[in-house]
Amino acid sequence: MTKTLLLLPGDGIGSEVTAEVRRIVDALGLDVTLQEARFGGAAIDADGVPVTDETVALALAADAVLMGAVGGPKWAGQSFDTRPEAGLLRLREAMNVYANLRPARCFAALADASSLKRELVEGLDIMFVRELVGGVYFGKPRGIEMLANGERRGLNSHHYTTGQIRRVARTAFELAKGRTGRVCSVEKSNVMEAGLLWREEVQRLRDEDYPEIELTHMLADNCAMQLVRQPKQFDTILTDNLFGDMLSDEAAMLTGSLGLLPSAALGEAGRPGLYEPIHGSAPDIAGQGLANPSAAILSLAMAVRHSFGEERTAERIERAVETAIEGGTRTRDIGGGASTAEMGQAIAAAL
Ligand code: ATP
Ligand code: MG
């Protein structure tokens with residue numbers, strides 16, 4: 001059945017990398033209807049808001065949404081509600097995409113690339129499942145308030161319900177079944193009540209519904225240390241919004257370039273997923289054809305896997321990216337001189 005993919009190129013290199021996503025969709029001959037809409041700064045300029053109601057409606061009606069990147073210095077000075085990033089938060093909330101999947105996978109072809117001037121961990125393959133729409137980033141009450149003694153106090157609230165914990169844990173367990181079956185759940189149950197509930201509920205769900213999963217628990221500070229000390233001990237890491245933000249960034253740097261890392265945000269089964277490279281709009285290289293489109297193309301692979309249910313096609317896309325890199329086509333961020341379009345062409349050719 002024909003699937004619908006909504007492309008939101010966004011700002012900066014977003015439009016350059018999504019153009020290469022189109023190239024891959026064409027090369028695959030996928031049975032997909034492509035739609036496109038303005039998003040982020042581009043939408044602020046044209047429509048006065050970072051995302052219009054029409055675009056949100058298109059996203060909710062699509063099978064998958066693939067975003068390039070949003071933001072840039074041009075729109076940085078505005079109040080939060082009228083910034084490009086506010087459009088992204090609005091879309092995540094509207095789509096209720098509560099599970100953020102961020103694979104941290106090292107490409108064999110890059111592991112010894114001294115040209116990157118960075119140490120990589122060959123063979124690393126971790127899947128982060130980060131809770132995306134709850135926890136301290138969203139908890140109410142929040143704000144900055146005046147105290148009776150004249151001091152000001154900044155306030156955020158950290159809370160999770162059993163329902164919020166169980167739905168994201170289920171996503172992690174389902175994913176782990178297709179991997180090594182090992183899940184490490186990360187929180188601070190020694191000092192935080194929501195962390196204690198997190199640990200109990202994750203364990204309970206495992207005992208009830210996933211006896212085949214090997215579940216361990218780890219405190220977040222220890223996890224930060226273990227990721228540097230012995231990163232290959234992990235397979236799937238399940239954690240909350242705040243810890244997931246930091247730990248997945250930490251792990252990303254063990255694998256290579258920002259230009260290689262995709263992500264997916266998933267909600268209830270049958271609802272559209274939101275896919276995006278983890279990099280930003282990269283204003284320093286925008287418009288120069290230097291951006292690596294691999295992260296966006298690998299995000300397409302995740303959309304094909306999780307929203308279209310076509311595992312084999314997803315693997316084909318992933319192998320093609322690897323083949324192109326092994327074949328020596330590399331953008332500057334991974335130690336080469338290829339342009340965005342040349343990288344996209346090489347990946348299309350490898351398909
Ligand atoms: P944001 O706040 O939007 O996440 P950021 O400050 O994290 O943005 P990025 O836009 O991700 O920054 O860029 C960080 C650095 O990585 C920049 O030097 C940029 O040029 C580089 N970079 C990001 N994405 C790519 C890419 N796809 N290809 C090559 N270089 C990239
Ligand atoms: Mg960033």
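1. With 24 C-beta neighbours inside 10 Å, Val202 counts as buried. A residue is called buried if 20 or more other C-beta atoms lie within 10 Å of its own, exposed if 12 or fewer, and partly exposed in between, the C-beta atoms being placed from the backbone. Val202 belongs to helix α6 (residues 193-209). Helices (H or I, at least four residues) and strands (E, at least two) are DSSP runs, numbered from the N terminus. Once neighbours within four places in sequence are set aside, Val202 is in contact with Ile165, Ala169, Ser185 and Leu238. Contact here requires that the C-beta atoms of two residues, placed from the backbone, lie within 7 Å. His217 stands 15 residues from Val202 along the chain, and their C-alpha atoms are separated by 9.3 Å.

2. The model is predicted: local features need pLDDT of at least 70, side-chain atom pairs count only at pLDDT 80 or more, and totals for chains, interfaces and linings use all residues. Residues are numbered from 1 along each chain as its sequence is written, while chains are lettered from A and ligands numbered from 1 in the order in which they are written.

3. Is Val32 buried or partly exposed? Val32 is partly exposed, because 19 other C-beta atoms lie within 10 Å. Val32 is found in strand β2, and its contacts, leaving aside neighbours within four places in sequence, are Thr2, Lys3, Leu5 and Val25. Between the C-alpha atoms of Val32 and Gly77, which are 45 residues apart along the chain, the separation is 38 Å.

4. The chain is divided into domain 1 (1-98 + 267-351) and domain 2 (100-255); such bounds come from an automatic or database domain assignment. The C-alpha centres of the two domains lie 24 Å apart. Eleven residues of domain 1 are in contact with 13 residues of domain 2. On the domain 1 side of this contact, α4 (84-95) and α10 (311-326) each supply at least two residues. The largest share, three residues, comes from α10. By class, that side has five nonpolar, two polar and four charged residues. In this scheme Ala, Val, Leu, Ile, Met, Phe, Trp, Tyr, Cys and Pro count as nonpolar, Asp, Glu, Lys and Arg as charged, and the others, Gly among them, as polar.

5. An open sheet of ten strands has mixed pairing and the order β2-β1-β3-β12-β11-β4-β5-β10-β8-β9. Two strands pair if DSSP finds at least two bridges between them. Which strands form the edges of the sheet? They are β2 (32-36) and β9 (214-219), each of which pairs on one side only. Neighbouring strands of this sheet are turned by 20° against each other on average, direction ignored. Helix α7 (residues 220-229) packs on the sheet and touches β8 (182-187) and β9; the direction of α7 makes about 100° with that of β9. Axes are lines fitted to C-alpha atoms, for helices over the stretch in contact, and angles run from 0 to 180 degrees between N-to-C directions.

6. Strand β3 (residues 64-69) is largely enclosed by the rest of the structure, because six of its six residues are buried. Strand β1 (residues 3-10) runs parallel to β3 and is joined to it by five bridges. In β3, Met67 is the bridge partner of Leu8, and Ala69 is that of Gly10. β3 also pairs with strand β12 (residues 273-275) in the parallel sense, over three bridges. There, the partner of Ala64 is Gly273 in β12.

7. Strand β4 (residues 99-105) is mostly covered, with seven of its seven residues buried. In a regular strand the side chains alternate between the two faces of the sheet. Ala99, Leu101, Pro103 and Arg105 point one way from β4, and Asn100, Arg102 and Ala104 the other way; all are buried. Seven bridges join β4 to strand β5 (residues 125-131) in an antiparallel arrangement, and Arg130 in β5 is the bridge partner of Asn100. β4 is also antiparallel to strand β11 (residues 264-266), with three bridges between them; Leu266 in β11 is the bridge partner of Ala99.

8. Of the 15 residues around ligand 1, Gly259, His279, Gly280, Ala282 and Asn292 come nearest. A residue is near a molecule or strand if its C-beta atom, placed from the backbone, lies within 6 Å of it. The shell around ligand 1 divides into six nonpolar, seven polar and two charged residues.
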